[in-house]
Amino acid sequence: MSITENTFDLVVVGSGIAGQSAATTAAEAGLRVVLLEKTEKLGGSSAMSGGWFAFSGTPEQAELGIEDSAELFLSDMLEAGEHLNDRALLEAYLANQETTYRWLKDHGVEFREVEISSGMSARRGHNSVIKEVLARLHADFTAAGGQTRLERRAVRLVREPSGRVTGVVAAAPDGTEELYTGRGGVVLATGGFSRGSDLLKIFAPEQLAAIPYGGKGNTGDGLKMAWKLGAGLADMSFVSGTYGSHPETGEEFHELLTAYYMGAIIVNKNGERFVDESLDYKTLGRVVLDQPGGLGFEVFDAKVRAKSHRGIPLKDIDTLEEIGHVFRAETIEELAEAAGIDPDALVQTVARYNAAIAGEGTDEVGRTNLCNGQGDLLPIDTAPYYAYPAKSLMTTTYCGVTIDPSGRVVDVDGDVIEGLYAVGEVTGGFHGAAYMTGTSLGKGAVFGGIVARHVADELGSDELDADVEPAAANPAVRVPVA
């Protein structure tokens, strides 16, 4: 069977923030780029995320009087990752974060809130409307001459006898196969394997108990293709869901509540606390799986309820209460009865918590702050009282193929696989043991730009000016983000 061949300067596989950033940057640098997307819609897991980017030293931080620095950012990432991160990747992120931030702003991205969250000791989470971000970048990609192919599932990489990766074969909707050749190489931005039960069974079988989430195409295709060529793997033992999603969480919007970083405690059905609530939410996601029903209740009072910010992921208690996912009562005992928690135990747990805050004892789980060493604890003593039942949500896997600071994939021996790049969630080594809010979208955008600029430099202006016969079939498509 013949295979239709399409030749470009760069082939990007996957249309989340990592792939879209790489594709748009490359197209704007003058490269002929094709963006392949496995599903019928653009965006992948990024379009389902809360829209947080982690940056330090921004005008938004300065305007709010937030004290932060690249040095503190690095320290926080290393602490969150238990110093198991690849420091060279973190340093590449920090060296390029300002360029990426300004590039996003130049593309019309607005950050509507700056907040502290998991793994941070300063407010550096910059919140965006992520679907608008992705749509803007794709529109600019198309305007720069980039071409898009939807419903193209990458099935295998093409490698020359010299060892260089020169293209990828994709399955088209009609069952045929198409070869996409990239003179500058192939970028894997295929996401993780939160929907890939086969890989979860190998690397994190306990996480099959978490709520499956993430992009529908996130089954580990890119990881498998690179692994087959001998790519190294990193952080595979740290896969964990994120704690804070209702058992009936759907795909309509990003339902993840971190009221525990605002002052809530977390208890199980027996009314018992079982973890220091100030820890990163990936760690909480692992711990909650061991509780009855894999369930933990975020319990808080009117003071925390007043901190809700409608429309802002992680803090939107208003919407969650409106859709019936939050219990409310005038007393702790009534709240427990409504939520299905042991009433006597919860009353005693809250009393002990309040006493410890008042200095009348030691906190039973060792909690001393709201989030990562920051924020004073608040007693739960102001009616009405609230409870949000939540489980671990398998949104992202944060592990995968090893890369160097230029985004080039390296094999099990540490040697570069020429022509093969990887960015975003398909990569490992960046996060280490745990994850800081905003560094996933952040690293996707940062390393997407790094790779695009690297390929542009590798090809050089002479190559970019060379005549290339454009692919006639499957013209560029403007499509909405998922």
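E178 lies in strand β10, which covers residues 177-182. In this predicted model, E178 is buried, with a relative accessible area of 7%. The side chain of E178 makes a polar contact with the side chain of R152, at 2.8 Å.

The overall fold was examined next. The protein chain holds 13 helices and 21 strands. Its radius of gyration is 23 Å, close to the 23 Å given by the globule rule for 482 residues, so the chain is as compact as a globular protein of that length. Along the principal axes, the C-alpha atoms fill a box of roughly 75 × 45 × 40 Å. Of the 482 residues, 61% count as buried. Contacts across the sequence were also counted. Among contacts with a separation of 6 or more, 74% come from residues 24 or more positions apart.

The buried residues of α12 are A345, L346, T349, V350, Y353, N354 and A356. These residues cover an arc of only 165° around the axis, which puts them on the same side of α12. At the start, a side-chain oxygen of D342 reaches to within 3.2 Å of the backbone nitrogen of D344. After the helix comes G359, whose phi is positive, near 85°.

The loop between α12 and β18 (385-394) contains P384. N372 is found in that loop as well. A cis peptide bond joins A383 and P384, with omega at about -5°. N372 has a positive phi, near 50°, and is a residue other than glycine. N372 is partly exposed, with a relative accessible area of 32%. A further backbone case was found at H83. Phi of H83 is positive, near 60°, again in a residue other than glycine. H83 is placed in the loop between α3 (70-80) and α4. Such cases stand out because most residues other than glycine have a negative phi, and most peptide bonds are trans.

A search of the whole structure finds 16 aromatic pairs. One of these joins F55 and F111. The ring centres of F55 and F111 lie 6.2 Å apart and the planes meet at 65°, so the pair is edge-to-face. The angle is over 60 degrees, the cut-off for that class. F55 sits in the loop between β4 (52-54) and α2 (59-63). F111 sits in the loop between α4 (87-106) and β5 (113-115). The pair therefore ties together parts that are 56 residues apart in sequence. Both F55 and F111 are buried. Elsewhere, tyrosines group together. One aromatic cluster is formed by Y243, Y260, Y261, Y281, Y398 and Y435.

Technical notes:
Residues numbered from 1 in each chain as written. Predicted model: local features only at pLDDT ≥ 70, side-chain atom pairs only at ≥ 80, totals over all residues. Heavy atoms only, no water. Phe/Tyr/Trp six-rings, centres within 6.5 Å; stacked < 30°, edge-to-face > 60°. Helix = DSSP H or I, 4+ residues; strand = E, 2+ residues; numbered from the N terminus. Buried < 20%, exposed > 50% of the residue type's maximum accessible area, 1.4 Å probe, protein only. Arc of directions from axis to C-beta. Polar contact = N/O pair within 3.5 Å; in protein donor to acceptor, adjacent residues only side chain to side chain. Rg over C-alpha atoms; globule rule 2.2 N^0.38 Å. Contact = heavy atoms within 4.5 Å.
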